[in-house]
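Take a look at the model first.

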Amino acid sequence: MSDVMREKVVIIGSGPAGWTAAIYAARANLDPVVFEGAGSRTMIPGGQLMFTTDVENYPGFPTGVTGPEMMMAFKQQAERFGTRVFTEDVVKIDLSVYPRRIETNMGKTVEADAVIIATGANAKWLGVPGEEHLARTGGGVSACAVCDGALPFFREKTLAVVGGGDSAMEEAIYLTNFASKVLLIHRRDEFRASKIMADRALANPKIEVMWNTVVKEVVSAEVVGGDEIRALRVADTETGDEREVPVGGLFVAIGHKPNTDFLDGQIDLRENGYIEPPAGGRTATNVPGVFAAGDVTDDYYRQAITAAGTGCMAALEAERWLAHGGIEAPEQAEVVPG
Ligand code: NAP
């Protein structure tokens, strides 16, 4: 007996895009399988929301919800309709064959008619002491100003943003809505950001730039209920001098990395590694029967609500693709009008 699983739809990834795709695919009787990931230091099942404390901008939660609670609810909703979930990483995928062949880190082999890739992107972190602990526990370290900046925790404080690209400029400017002051910490003496964004940040009276500066450590203080950021230990890259700068929050804005390595060049990617979506706002990739949803294909919006939306779209497209031929007639199915 073969121990190869044969599936109609396999969903890779377990953030808002993956679970939403699963809910739609399961309710369409496609009996989907989700590989939610095995978990590592930088990526755990549930994706980036597992590092988010309060989600206040997802419609339907008037008093907010924590990222982990939200992902648990998404997962439960997918399972309620029969989604099967494996806590394993997909390490290899062969898109040159029909059905598509998927291998996991636990040695499972799965053959799938349609595949939805929702593996997300990881915010890059500095990797300095104190950072991960405070990011995980809501102690004042974040990689998303739009997600967390408006929380009461960060109001009327001196906040630090690290980075010199457009994201850092945007986050620093956004945070001036809430902070008393924003320290923009960059490791060089010129920004990578577009001139217009850099000029806007430099002209903002609430933003002070710390050039040639790197963060060595996030210093915390013990408070009731956990640890809270208190300061950054920074170093001048030219002199090597180190000092402590008191801050009430740290926003790391040094870029994102989409989780596309396992695709091994079999799907068209943009220069920055994100999956290239087709024209027309669809989720089909250039490979028939393979769809992409969420942050793995989105370097622009990066929101839970947009990821969930494209997860829904991917499942509807996969369903339609299967109904119009699927692997029996992939090219024909590919051009089904919307
Ligand atoms: P990015 O352009 O790659 O910039 C990353 C920044 O972080 C760089 O300044 C880099 O320094 C710094 N950095 C990287 N690793 C670091 C480390 N370990 N320690 C300290 N600093 C580090 O990333 P991004 O700003 O997220 O932008 C990504 C893309 O999205 C860009 O194409 C950008 O134009 C676009 N974007 C556009 C907008 C907009 O138009 N509104 C907004 C956001 C993003 P170096 O400069 O020294 O390498």
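Rings of Phe, Tyr and Trp (its six-membered ring) count as a pair if their centres lie within 6.5 Å. With that rule, ring pairs link Y58, F61 and F74 into a cluster. Keep in mind that this is a predicted model.

Q: How many aromatic pairs turn up in a search of the whole structure?
A: The search finds nine.

Q: What parts does the pair of F291 and W321 tie together?
A: F291 lies in strand β19 (residues 290–292), while W321 lies in helix α7 (residues 304–323), so the pair joins parts that are 30 residues apart in sequence.

Q: Why does F291 count as buried?
A: Buried means under 20% relative accessible area. F291 has 3%, so it counts as buried. W321 has 4%, so W321 is buried as well.

Q: What makes C144 and C147 a disulfide?
A: The cut-off for the two sulfur atoms is within 2.5 Å. Those of C144 and C147 are 2.0 Å apart, and they form a disulfide. A search of the whole structure finds one disulfide.

Q: How do you know that the charged end of K157 sits over the ring of F153?
A: The distance limit is within 6 Å of the ring centre, and the charge must also be within 35 degrees of the ring normal. The charged end of K157 is 4.0 Å from the centre of the F153 ring, and it sits over that ring.

Methods:
Residues are numbered from 1 along each chain as its sequence is written. This is a predicted model: local features need pLDDT of at least 70, side-chain atom pairs count only at pLDDT 80 or more; totals for chains, interfaces and linings use all residues. Side-chain values use heavy atoms; hydrogens and water are left out. Rings of Phe, Tyr and Trp (its six-membered ring) pair if their centres lie within 6.5 Å; planes under 30 degrees apart count as stacked, over 60 as edge-to-face and the rest as tilted. Helices (H or I, at least four residues) and strands (E, at least two) are DSSP runs, numbered from the N terminus. Buried means under 20% relative accessible area, exposed over 50%, partly exposed in between (1.4 Å probe, protein chains only).
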